[in-house]
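Subject: Structure for your review

Dear colleague,

Please find below the structure that I am handing over to you.

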Amino acid sequence: MAIEKVKEYFRQFGIEDRVQEFTVSSKTVELAAAALNCEPCRIAKTLSFAVGDRVVLIVTSGDSKVGNSKFKSYFGTKAKMLAFDDVENLVGHAVGGVCPFAVNDGVEIYLDESLKRFATIFPACGSSNSAIELTIPELEQYSNYINWIDVCKMV
């Protein structure tokens, strides 16, 4: 189970006990915000894309969406999300629990600038009923991200 893989990953940092598991679903921004009793914008959603033969994850705020022109400007191609049925196999986590932790080898992780306005954010932890509260420096430390990018716009 992916949440166990994430907890094991976090164990090396001594933070596995900070993973929250809910009795309700947190698979969407709205459901996660309700489960956490926080603003939807503080949910760090992780979107999965195919960029040529690469798998790219973009972690962004709950109140933003990828801007096609910004994405194309940065990656040199149109934004194409992974097919629902391919996400778990290619990323290592199923839709609803995709996160930037304990992903498959070769998956590229980028953090969107939209997150920087928050002191803490809540990414998922590999399942559709989990999250962890992290500061931005902690997100940087634990996500093995490649770069901060600006490919999103507020909705």
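The notes below cover the strands, the nonpolar cores, the aromatic rings and the cysteines.

This is a predicted model, in which local features need pLDDT of at least 70 and side-chain atom pairs count only at pLDDT 80 or more, while totals for chains, interfaces and linings use all residues. Residues are numbered from 1 along each chain as its sequence is written, and side-chain values use heavy atoms, with hydrogens and water left out.

Sheet and helix

Helices (H or I, at least four residues) and strands (E, at least two) are DSSP runs, numbered from the N terminus. Six strands form an open sheet with mixed pairing, in the order S8-S6-S2-S3-S5-S9; two strands pair if DSSP finds at least two bridges between them. At the edges are S8 (134–135) and S9 (147–149), each of which pairs on one side only. S2 and S6 (residues 120–123) run parallel and are joined by two bridges. Phe 122 in S6 is the bridge partner of Ile 43. Helix H2 (residues 29–36) lies across S2 and S6, at about 155° to S2. For that angle, axes are lines fitted to C-alpha atoms, for helices over the stretch in contact, and angles run from 0 to 180 degrees between N-to-C directions.

Nonpolar cores

A nonpolar core is a set of buried Ala, Val, Leu, Ile, Met, Phe, Trp, Tyr and Cys residues joined through side-chain atoms within 4.5 Å. Buried means under 20% relative accessible area, exposed over 50%, and partly exposed in between (1.4 Å probe, protein chains only). The largest such core has 34 residues, and among those with the most contacts inside it are Phe 10, Val 91 and Phe 101. At least two residues of this core come from each of H1 (2–11), S2 (43–51), S3 (54–61), H4 (84–91), S5 (108–112) and H5 (136–143). With four residues, H1 gives the most. Beyond its neighbours within four places in sequence, Val 91 is in contact (heavy atoms within 4.5 Å) with residues including Ser 48, Val 55, Leu 57 and Val 107. A second, separate core of 13 residues includes Val 56, Ile 58, Tyr 110 and Ile 149.

Aromatic rings

Rings of Phe, Tyr and Trp (its six-membered ring) pair if their centres lie within 6.5 Å; planes under 30 degrees apart count as stacked, over 60 as edge-to-face and the rest as tilted. The count by this rule is 11 aromatic pairs. Tyr 9 and Phe 10 form a tilted pair, because their planes are at 50°, with centres 5.8 Å apart. Phe 10 is buried at 0% relative accessibility, and Tyr 9 is buried at 14%. Tyr 74 and Tyr 110 pair edge-to-face, 5.9 Å centre to centre with 75° between the planes. This pair links distant parts of the chain, with Tyr 74 in helix H3 (residues 68–75) and Tyr 110 in S5, 36 residues apart. Tyr 74 is partly exposed at 38%, whereas Tyr 110 is buried at 5%. Ring pairs also link Tyr 9, Phe 10, Phe 13, Phe 101 and Tyr 142 into a cluster.

Cysteines

The structure holds zero disulfides, a disulfide being a pair of cysteine sulfur atoms within 2.5 Å. For Cys 41, the nearest cysteine sulfur is that of Cys 38, 7.7 Å away. Cys 99 has its closest cysteine sulfur in Cys 125, at 6.0 Å, which is too far for a bond. Cys 99 is buried, at 0% relative accessibility.

Yours sincerely
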